Amino acid sequence: MQTADGGLREQRKAQRRTRILDAARELLRDNPESVLSTERIAERAQVAPATVYNLIGPRDKIWEALAAGFMDELGRRLAVLGASDPREVVRSTVRLFVDDPVVSRRMVREWEASGLVLDRSPIHQIREALADARTQGLLRADVDTDALASVVATSCVGALHQWVAALIDDDRFLARALFAMDVALAAAAADAHRARLLAPLRTRGSA
């Protein structure tokens with residue numbers, strides 16, 4: 001059983017951790033190409049450099065923590081929306097990144113494990129949304145929605161890296177991510193809904 005003092009210590013640690021990550025984001029926004037050093041983060045967060053290392057870890061762990069923050073925020077946004085539409089999950093994910101482009105671009109470029117940035121979320125929400133679509137009869141009963149979600153997530157990660165490299169703009173990032181979902185939905189469509197789910201592909205073509 002946790003004591004009151006122990007609970008207060010954990011609360012203060014959580015507050016310092018939040019300050020550290022907020023400081024990292026502020027430094028990136030102030031100077032997008034600056035080196036994100038432990039010392040600069042500590043100075044901005046008004047903590048000791050050792051505190052940054054103890055509560056977060058080395059620089060790679062800072063990127064990891066920033067990515068986790070993105071995914072937590074995405075979870076909150078989708079919970080508020082009550083999003084079960086697969087396209088809305090994709091749309092909300094893209095908006096999350098383009099709403100904070102400096103931080104998200106640096107995070108993806110510099111974190112060695114950035115390919116896993118979508119592993120926890122929204123892949124879980126995409127799986128759930130596609131499974132719901134199958135339950136509702138929009139998709140064929142024999143479709144493996146987990147595999148379908150993995151294909152969509154892979155395409156979205158590819159679009160994300162193109163956007164990070166400034167090869168495509170915000171609108172094209174969204175268009176390509178939605179196109180991946182539309183292709184998946186059309187490929188798995190139940191007969192009764194095939195025409196409707198194919199329609200976006202016929203009118204738009206490749207993004």
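Predicted model: local features only at pLDDT ≥ 70, side-chain atom pairs only at ≥ 80, totals over all residues.
G137 follows helix α7 and has a positive phi, near 90 degrees.

**Helix α7**
- Helix α7 spans residues 123-135 and has 13 residues.
- From first C-alpha to last, α7 reaches 18 Å, close to the 18 Å expected at 1.5 Å a residue.
- The buried residues of α7 are I123, Q125, I126, A129, L130, A131 and A133.
- Helices α4, α5, α8 and α9 are included in what covers these buried residues.

**Aromatic pair F70 and F97**
- A pair of aromatic rings is described by the distance of the centres and the angle of the planes.
- The ring centres of F70 and F97 lie 5.4 Å apart with their planes at 15 degrees, and the pair is therefore stacked, planes under 30 degrees apart being counted as such.
- This pair links distant parts of the chain, with F70 in helix α4 (residues 59-81) and F97 in helix α5 (residues 86-99), 27 residues apart.
- F70 is buried because its relative accessible area of 6% falls under the 20% cut-off.
- F97 is likewise buried, with a relative accessible area of 1%.

**Aromatic pair W163 and F173**
- W163 and F173 form a stacked pair, at 5.4 Å centre to centre and 25 degrees between the planes.
- The pair joins distant parts of the chain: W163 belongs to helix α8 (residues 145-164) and F173 to helix α9 (residues 170-188), 10 residues apart.
- Both W163 and F173 are buried.
- The charged end of R105 sits over the ring of W163, 4.0 Å from the ring centre.

Notes:
Residues numbered from 1 in each chain as written. Heavy atoms only, no water. Phe/Tyr/Trp six-rings, centres within 6.5 Å; stacked < 30°, edge-to-face > 60°. Helix = DSSP H or I, 4+ residues; strand = E, 2+ residues; numbered from the N terminus. Buried < 20%, exposed > 50% of the residue type's maximum accessible area, 1.4 Å probe, protein only. Lys NZ or Arg CZ within 6 Å of the ring centre and 35° of its normal. Expected span 1.5 Å × (residues − 1). Contact = heavy atoms within 4.5 Å.
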